[in-house]
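Visitor: I'm new to this one. Can you walk me through it?
Guide: Happy to. Let's start once it's on screen.

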Amino acid sequence: MCGIVGYVGQRSALDVVMGGLRRLEYRGYDSGGVALVVDGTIHSAKKAGKLLNLDAELAENPLPVAHTGIGHTRWATHGAPNDVNAHPHLDETGRVAVVHNGIIENFAVLRTELERAGHDLLSETDTEVVAHLLHDELARTPDLSDAVRAVCRRLEGAFTLVICDAEQPDVVVGARRNSPLVVGRGDGENFLGSDVAAFIEHTRDAVELGQDQVVTITPDAIVVTDFFGAPAETTEYHVDWDVSAAEKGGYEWFMLKEMDEQPQAVADTLLGRHSPGGQLQLDEMRLSDDELREVDRIVIIACGTASYAGLVAKYAIEHWTRIPCEVELASEFRYRDPILDKSTLVVAISQSGETMDTLMAIRYARQQRARVLSICNTNGSTIPRESDAVIYTHAGPEVAVASTKGFLSQVVACYLLALYLAQVKGTKYGDEIDDILAEIAAVPAGIQRLLDEGDQVRKLASDLSGARSILFLGRHVGYPVALEGALKLKELAYIHAEGFAAGELKHGPIALVEEGLPVFVVVPPKGRDQLQEKTVSSIQEIRARGARTIVLAEDGDDDVIPYADHLIRLPKVPTLLQPLVATVPLQIFATEFAHQLGHDVDQPRNLAKSVTVE
Ligand code: F6R
């Protein structure tokens with residue numbers, strides 16, 4: 001949700017900033033802009049649409065060479081995505097340029113105050129007020145960092161700000177409250193970015209910023225304070241992936257690359273968690289076993305795809321640990337006055353670690369004395385930092401807006417959590433845990449097989465690309481898979497797609513079924529619970545009403561053959577692990593379907609990767 005870059009050093013600031021913006025474009029792509037400081041003047045360019053438009057603008061109207069600069073790629077909140085509302089925003093004298101991620105909630109009051117004082121604001125954005133407030137503040141407080149701190153004290157809401165000043169050419173100042181900002185430490189140069197991808201090409205040494213902090217970077221120094229100027233403690237870390245992980249590596253889209261990385265992401269998320277003696281270990285578990293033994297209820301909070309990983313987790317947690325578990329959308333959680341206490345474990349799942357709805361939910365949970373464990377893919381991000389414990393998924397950077405390897409690795413981390421709780425609570429013996437871990441460890445080979453067999457799914461997507469509505473059915477852990485299959489298709493192909501619990505169909509949704517409607521059905525493995533048989537009955541019911549059935553069933557399940565217009569074979573895995581394999585063909589299908597329609601697979605319309613507004 002908006003990508004921000006800042007640079008001071010010896011290189012061409014424009015090259016560094018544009019390179020950073022390209023890596024951050026997944027965060028928002030409604031418009032882009034840059035501002036450079038050259039000889040006491042700010043030069044800026046901005047353009048609606050993707051960065052390609054900004055590139056064209058810069059080619060037509062080149063900016064002078066500079067060594068200090070800032071940049072922005074936008075996901076619009078206040079004001080339409082046009083040139084005027086694009087960042088950076090300047091004050092009326094053109095002394096300061098500001099880029100911003102987040103929402104300044106009191107901007108209307110501040111804007112009225114500024115207009116009454118004679119300021120002329122040009123855009124509809126909340127951001128522009130900051131440039132004008134800084135103009136006034138710099139008249140009183142010539143130091144940019146002091147002025148930024150004074151302005152931040154007046155702002156409410158969520159904001160990351162990055163600012164440059166024509167009169168302080170070797171300085172870039174950043175500030176953060178509730179939205180992400182990290183510092184890249186270079187040699188004779190320093191960087192700011194919404195995430196480390198912004199500067200990974202230049203340095204892998206990063207500095208985490210805390211809540212309500214201001215950072216001042218010059219070529220040789222990084223100074224961090226709170227909003228009142230008191231020095232702040234920071235944490236330095238080394239990024240464990242490099243620039244090649246953040247590049248397409250020969251793939252047409254990041255999403256294809258990330259789907260192909262799934263066997264590795266699953267294996268890496270398991271790596272090092274199981275000691276030779278058989279004990280499961282989660283290194284980032286900062287809750288003691290005694291504290292975990294006290295847990296009598298689990299509440300999982302997450303958004304979108306991550307919430308579907310949470311739904312899978314519910315089945316695993318309740319089955320393996322017998323601890324009651326519920327799953328709630330993070331955006332709804334704190335508004336229903338949930339009942340929480342210190343024996344409630346709140347599990348937040350977030351690939352980015354920055355999703356505002358999830359962050360606000362965990363803050364609420366902690367205020368209510370619940371313990372918070374997060375499952376996250378982004379080291380140093382806000383959600384794990386504010387949690388009592390964290391299990392990192394080791395999927396590597398996920399750049400495509402639609403989550404793929406992020407989801408599978410979240411599911412694996414959920415299994416690990418469930419097994420760890422089972423170990424601590426004694427609801428599973430060590431050898432049972434070993435067996436399940438061995439089953440999970442075997443899954444990457446199955447995922448690889450499905451990726452290798454992707455052509456048949458791509459052919460199907462091409463055959464069905466005229467469809468305007470597609471349904472997805474599943475039962476048990478196949479239900480979240482159905483929801484995920486539908487979400488992938490909605491976000492990439494922009495067509496009506498819905499996931500239903502197969503058993504629920506007869507209570508209403510079956511009315512949607514008409515001649516030729518494509519319906520995917522995820523069939524559970526055969527077991528004692530008769531779920532396979534019941535799902536086969538559902539397939540018969542929809543087929544009798546004209547549906548074109550696309551059946552995902554495990555190898556050897558021949559009961560489905562008579563009722564499948566198209567059959568996708570899944571490797572045999574235990575029921576609870578089936579989401580790790582069944583999701584993969586649905587990802588391939590959505591990607592190819594969108595491609596057939598000519599859509600941008602990595603950057604679907606209206607979306608952004610990291611949703612840092614509520
Ligand atoms: C869908 C998708 C989103 C995210 C959701 C949560 O493909 O990517 O639904 O899953 O916005 O994001 P994180 O996991 O970063 O909190």
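**A first look around**

Guide: Strand S5 (residues 89–90) and strand S6 pair in the antiparallel sense over 2 bridges. Keep in mind that this is a predicted model.

Visitor: Which residue in S6 is the bridge partner of Leu 90?
Guide: Ala 97 is the partner of Leu 90.

Visitor: And what sits between the strands of that hairpin?
Guide: There are 5 residues between S5 and S6. At Gly 94, the hairpin takes a positive phi near 75 degrees.

Visitor: What else does S6 pair with?
Guide: Strand S7, residues 157–165. S6 and S7 are antiparallel too, over 9 bridges. One of the pairs joins Ile 104 to Gly 157 in S7.

Visitor: New topic. How many cavities of 30 Å³ or more are there?
Guide: The count comes to 1. About 70 Å³ of space lies in the largest cavity.

Visitor: What lines the largest cavity?
Guide: 14 residues do. Cys 2, Arg 74, Thr 77, His 87 and Gly 102 lie nearest its centre. Strand S4 (68–74) and S6 each give two or more residues to that lining. The largest share comes from S6, with 3 residues.

Visitor: What about helix H4? Which residues there are buried?
Guide: H4 runs over residues 128–140. Its buried residues are Glu 128, Val 129, Val 130, Ala 131, His 132, Leu 133, Leu 134, Glu 137 and Leu 138.

Visitor: What covers the buried residues of H4?
Guide: The cover includes S5, S6 and S7. Helix H3 (107–116) and helix H5 (144–152) are also part of it.

Visitor: Let's go to the largest nonpolar core. Which residues touch the most other members?
Guide: Val 34, Ile 298, Leu 489, Phe 520, Phe 589 and Phe 593 do, out of 128 residues in that core. Helix H13 (residues 405–425) gives the largest share, 15 residues. A second, separate core has 27 residues, including Val 129, Val 130, Leu 144 and Leu 155.

Visitor: Back to Phe 589. What does it touch?
Guide: Leaving out residues up to four places away in sequence, Phe 589 touches Val 457, Leu 460, Ala 461, Leu 464, Ile 470, Leu 489 and Phe 520.

Visitor: Where is Thr 591?
Guide: Thr 591 is in helix H18, residues 578–596.

Visitor: Why does Thr 591 count as buried?
Guide: Because its relative accessibility is 2%, and buried means under 20%. Its side chain reaches the backbone oxygen of Gln 587 at 2.5 Å. Beyond four places in sequence, Thr 591 is in contact with Trp 253, Met 255, Leu 256, Met 259, Leu 492 and Val 601.

Visitor: Last one, Arg 177. Where is that?
Guide: Arg 177 is in strand S8, residues 172–177. At 17% relative accessibility, Arg 177 counts as buried.

Visitor: What does the side chain of Arg 177 make a polar contact with?
Guide: The side chain of Asp 212, at 2.8 Å. The Arg 177 side chain also reaches the backbone oxygen of Leu 155, at 2.9 Å.

Visitor: Which other residues does Arg 177 touch?
Guide: Not counting residues up to four places away in sequence, its contacts include Glu 156, Gly 157, Ala 158, Phe 159, Gln 211 and Phe 227.

Notes:
Residues numbered from 1 in each chain as written. Predicted model: local features only at pLDDT ≥ 70, side-chain atom pairs only at ≥ 80, totals over all residues. Heavy atoms only, no water. Helix = DSSP H or I, 4+ residues; strand = E, 2+ residues; numbered from the N terminus. Buried < 20%, exposed > 50% of the residue type's maximum accessible area, 1.4 Å probe, protein only. Polar contact = N/O pair within 3.5 Å; in protein donor to acceptor, adjacent residues only side chain to side chain. Contact = heavy atoms within 4.5 Å. Core = buried A, V, L, I, M, F, W, Y, C linked by side-chain atoms within 4.5 Å. Pairing = 2+ DSSP bridges. 1 Å grid on protein atoms, 1.4 Å probe; cavity = no way out; pocket = protein on both sides within 12 Å on 5 of 7 lines; lining within 4 Å. Points joined across faces, edges and corners; volume = space filled by probe spheres on them.
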